[in-house]
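The sequence and structure come first.

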Amino acid sequence: MLVARLLELDAAGALTTAHVRAGAQVGGVNVRTVWRWLEAARAEGRMERRPRARLEVSDQAWEVLAQAGGNVAALHRHMKEAGGQVPSLASLYRVVRQDLEAGRVLPDRAVVRRERDEQQTRQALADLALAGPHGGGAVKTSAPPRLGPEATSGLPVGESGALAGVALPAGAQLVRTSSVRAVAEAVGQAMATQGAVCVFGDPGRGKTVAVRMALGEVPPGWKVTWVPVPVRPSVAGMRRAVFDALALPGRFPHTSALADAAVAEALGEARVLVVDEAQRLPAPCLEYLQSLWDHPGTRITLVLCGAGSERALSRLPQLASRVVAWQEVPRLDAAEVAPVVTGFHPLWRTVPSPDLTWIDQSCAHGTFRTWAALTAHLQNALLTTADASVDRGLLRRLFKRVAPPL
C-alpha cells in the first residue's frame, strides 16, 4: 500500500524526499530501503517483498545429523566439505529447530550406527553365500534349492525369495508355522470388524514375520501401512511417523490440526495400520492411535505388535477394550522344530532329527531368531573354514556366538 501511494505521487510529479522519509518512518525501515522498493516497483512492477526461499534440510543431511548425535555444527562442517551453496550456521540451527518442533524425529546415533553395522553384516554374509567357497579345500556346497509354493503360499517375495521387510540368511525361505496361521486368523478377524489386534510374545519368536506373512495378501481394496515407532516416542513424533508412513504429498504441516486432517483423509479408505514395537509407546501415543481409529471418517484395522505390547495396552483400558483378538506367538513346539528348520534352510536337511532336537534344547529354546542367527553363523563357517562339517563340536562353538554371556 505504501509503495503504491508513493508511485501515484511519483506519476503525478509530486514525490519529494519528505514523502520518502515519512514513508520510511511509517514502515519502520531505512530511507534507502524505501528507495529500493520504489526502484523494484518501477523496474519489475512488484509491490510486495520478494518471497525468500525456505531453507530445507534434506533426508541425507538429516541422516548425517543423526550420525553426529544432533550436532548441527558438525552437519555444517560436512556441508562445507561437500561444497556447493552452504547456509549460515545460524540459519541451519533455525531450520533444524523448526523441523524438530514440527514433529520431525532425530534418530538416536547408537540406533543408526547399529542398523548400519547389521546391514553391512547381512550383506557380507550374503556375498559369502553367493560367491561360494574358493580354494583351500573348503567344503563344496551346492546352490540351495528353492522351496515349493507351500512355503510362502503366494506371498510377494524379492529376488532372494524373502518377504519384503524380512531379513533372512542367504538361501533361507519363509515357512508357515502354526503360529503364523494363528496370527493370520486373528488379523483376518480384526479386518472383518475393522477392529484392533494385539500380537505379543517374547522377543525373537517371529511376531513381525508372522504379521507380514498374514498381510502378504489382503482383500481387494485394502492397503497395508507399517508405522515405525520413533526413538523416544512422543505424540508429535507419532504424528510425523504416521504422516510419513502414508507417503502423503507435500511437506509435513506445521500445525497438528492440519497434519491430523491430512492423515484422517488418507485413512478414509480401508487400510491396515501396523505398529511394530508397540510396547515402546507411552499412553499419550496410544491415545493418538486410538483417536485415529475412533475418527468417524477413518476405516482402519489397527495391528499392535511387539514383545510386551499387551502390557502397554493394559495402561490404556479404553484402547484395550477395542482389541478383538489377543494373539500370542509362543516358542516353537518341540515336535515342530525339525520340519520348520529343515524347511527354513537347506543346511539343516542333512542334520539328523535327534541332533536338531538337541540344538533346540541346548541353544535355540524354540526361539526362531536364534535359529536364524545360528543358520547364518553355520553358513559362514562352512564357507570359510577348510574341511568343516556340521558336527556337535562346530555347533557348540557357534552356540557361544548366539547365546548371551551369563
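## Strands, a helix and cysteines

Strand E1 (residues 196-200) pairs with E5 in the parallel sense over five bridges. Strands pair if DSSP finds at least two bridges between them; strands (E, at least two residues) and helices (H or I, at least four) are DSSP runs, numbered from the N terminus. Phe-200 stands opposite Glu-328 in E5.

The model is predicted, so local features need pLDDT of at least 70 and side-chain atom pairs count only at pLDDT 80 or more, while totals for chains, interfaces and linings use all residues. Residues are numbered from 1 along each chain as its sequence is written, and side-chain values use heavy atoms, with hydrogens and water left out.

E1 and E5 belong to an open sheet of five strands in the order E2-E3-E4-E1-E5, with parallel pairing. Its edge strands, E2 (223-227) and E5 (323-328), each pair on one side only. On average, neighbouring strands are turned by 15 degrees against each other, direction ignored. Axes are lines fitted to C-alpha atoms, for helices over the stretch in contact, with angles from 0 to 180 degrees between N-to-C directions.

Helix H10 (residues 207-214) lies across E1, E2, E3 (271-276) and E4 (300-305), running at about 155 degrees to E4. Contact means heavy atoms within 4.5 Å.

Counting cysteine sulfur pairs within 2.5 Å as disulfides, the total is zero. Cys-305 is in none; the nearest cysteine sulfur, that of Cys-198, is 8.2 Å away. Two cysteines are buried (under 20% relative accessible area; exposed is over 50%, partly exposed in between; 1.4 Å probe, protein chains only):

| Residue | Relative accessible area |
|---|---|
| Cys-285 | 1% |
| Cys-305 | 0% |
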